[in-house]
Amino acid sequence: MIAHLDADAFFASVEQAADPRLRGRPVAVGSARRGIIASASYEARRFGIHTPMPSARALRLCPSLLLLPGDYEKYERFSRFIFSYPMDVTPFVEISGIDEGYYDLGSDEKGARQQAEVVAKISTAISQRLKISVSQGVATNKLTAQIASKLNKPCGFTVVPPGCEQKFLSPLDISWLPGVGPTLATTLARGGLRRIGQVAAMPEVVLRRVAGGLAPSLIQYATGIDFRPVVPQQDAGAAKSYGAQETFDTDTADEEELRAALRRLVDDAVRRMRAEGHSARTLSVTIRYSDMKEAIRTYSFDEPLDLPEDFYPRAWELLRNAWERRVRLRMIRARLSTIYNSPALPPLLEKERHMKLEALNNAVEAVRARHGRAALIRGHDLHATRGGIQNLPPPKRHQTAASVWREDGSKK
Ligand SMILES: [Mg+2]
């Protein structure tokens with residue numbers, strides 16, 4: 001059985017756990033720079049406070065709200081404490097974000113009941129010792145366990161017995177299925193598909209007309225089948241990350257070339273992270289010299305970010321700092337870590353710039369998802385380097401990017 005653990009109102013809970021005076025009171029964690037609520041305690045939610053909401057509005061709704069600045073290092077520390085509990089019972093722990101993760105207790109179906117008891121004990125231990133409430137779901141696969149953990153929050157505990165996956169999923173909204181975003185959900189709803197059970201009953205050829213290549217996996221998930229394994233990390237410190245690297249055909253010391261390559265790597269890592277709706281607080285850049293020696297520099301931002309433009313300047317600074325010897329470089333790597341399960345908060349101050357960049361990135365991703373990476377090229381991709389544009393795959397279809405842009409942009 002696989003368990004999915006998901007902490008409830010995580011940042012606010014950590015603040016309440018760390019300071020008993022905050023317990024039982026409406027608490028929210030907001031970003032000073034961004035003026036947005038990042039997390040609200042359940043006491044605060046009773047006043048209608050939710051995330052992301054402007055902090056000023058939250059204070060109007062609840063004048064006694066205790067609004068705290070985010071302390072992400074503290075949250076990461078508590079995250080490590082939380083995952084140390086499942087790590088006590090199995091080495092197969094996959095931390096998918098700061099407050100979410102899976103762990104695999106093995107496939108002994110006769111022992112399913114005992115395994116559920118182990119999971120329940122972990123919830124109790126975390127709540128008693130860390131004063132953090134978590135919700136957990138237990139099932140034979142990741143998708144079912146994840147949904148089960150999120151259905152009855154806070155302090156939820158839902159077990160889906162082996163063989164009952166499809167029955168459990170059937171009445172739920174299709175937006176629970178991986179790959180079903182707001183756009184696809186609307187399209188499917190227009191065709192009368194609102195429940196997971198309806199997707200399961202669909203002939204694949206019919207579903208293909210609306211969901212395209214996603215159809216087979218949607219049907220599989222909808223019937224309660226999910227073969228994705230739990231991928232363990234060695235320890236909580238080495239949790240999920242998104243990285244990309246480029247090895248140069250010829251070792252280089254050309255700053256223009258390196259800067260362009262680094263941006264492409266950041267783009268690539270950020271694209272995969274955004275596709276999963278995540279953000280990251282830590283950026284590392286590794287360089288490998290022509291003599292194979294490596295150097296790495298790491299930086300943690302004040303809060304999690306999710307736009308490539310947020311990372312470019314710091315990435316270059318890290319590369320410059322790492323590059324201490326006057327030796328050519330063979331390989332560079334960019335890596336995003338300390339992953340948070342939600343997108344970055346939109347900043348209130350630079351809202352307009354952020355929204356433009358957000359729209360730009362979504363459009364670029366949509367075009368590339370449909371027509372391949374080379375269908376749309378950013379300035380730094382054009383820097384025709386040895387490892388650069390000629391290595392990109394050709395566009396899948398002969399169609400100008402501009403027409404696709406309009407088509408996708410108008411849907412948003
Ligand atoms: Mg959570």
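This is a predicted model: local features need pLDDT of at least 70, side-chain atom pairs count only at pLDDT 80 or more; totals for chains, interfaces and linings use all residues.
User: What makes up the protein chain in terms of helices and strands?

Analyst: The protein chain has 16 helices and twelve strands. Buried residues make up 37% of its 412 residues. Of the contacts with a separation of 6 or more, 64% join residues 24 or more positions apart.

User: Why are β9 and β11 said to stand at the edges of their sheet?

Analyst: The open sheet of four strands runs in the order β9-β12-β10-β11, with antiparallel pairing. β9 (242–252) and β11 (294–305) each have a single partner strand, so one side of each has no neighbour in the sheet. On average, and ignoring direction, neighbouring strands here are turned by 15° against each other.

User: What lies between β10 and β11 in their hairpin?

Analyst: Four residues separate the two strands of the hairpin, and Met292 in the turn has a positive phi of about 75°.

User: Which helices lie across strands of this sheet?

Analyst: Helix α12 (residues 255–275) lies across β9, β10 and β12 (329–340), at about 30° to β12. Helix α13 (residues 308–322) lies across β10, β11 and β12, at about 35° to β10.

User: What makes the contact of α4 with α5 nonpolar, polar or charged by class?

Analyst: Helix α4 (residues 72–89) and helix α5 (residues 112–130) have axes that come within 10 Å and cross at roughly 145°. The crossing is right-handed. From α4, the residues are Phe78, Phe81, Ile82, Tyr85, Pro86 and Val89; they meet Val118, Ile122, Ala125, Ile126 and Leu130 in α5. By class, this contact has eleven nonpolar, no polar and no charged residues. Phe, Ile, Tyr, Pro, Val, Ala and Leu count as nonpolar, so the contact is nonpolar by class.

User: How many charged residues are in the contact of α10 with α11?

Analyst: The axes of helix α10 (residues 204–211) and helix α11 (residues 215–222) come within 8 Å and cross at roughly 115°. This crossing is right-handed. Glu204, Leu207, Arg208 and Ala211 of α10 make the contact with Ala215, Pro216, Leu218 and Ile219 of α11. By class, six residues are nonpolar, none is polar and two are charged. Glu and Arg count as charged, so Glu204 and Arg208 are the charged residues here.

User: Which residues touch the most other members of the largest nonpolar core?

Analyst: They are Ala3, Ala28, Val138, Leu262, Ala269, Ala315 and Ile332, in a core of 90 residues. Members of such a core are buried, with 20 or more other C-beta atoms within 10 Å of their own. Ala28 is a member, so Ala28 meets that cut-off. The largest share of the core, nine residues, comes from α12.

User: What does Ala28 touch?

Analyst: Not counting residues up to four places away in sequence, Ala28 touches Ala12, Ile37, Ser39, Ala40, Ser41, Ala44, Ile49, Ala58, Leu65 and Leu67.

Definitions and conventions:
Residues are numbered from 1 along each chain as its sequence is written. Axes are lines fitted to C-alpha atoms, for helices over the stretch in contact, and angles run from 0 to 180 degrees between N-to-C directions. A crossing is left-handed if the near helix is turned anticlockwise from the far one by less than a right angle, and right-handed if clockwise. Two residues are in contact if their C-beta atoms, placed from the backbone, lie within 7 Å. Two strands pair if DSSP finds at least two bridges between them. A residue is buried if 20 or more other C-beta atoms lie within 10 Å of its own, exposed if 12 or fewer, and partly exposed in between; C-beta atoms are placed from the backbone. A nonpolar core is a set of buried Ala, Val, Leu, Ile, Met, Phe, Trp, Tyr and Cys residues joined through C-beta atoms within 7 Å.
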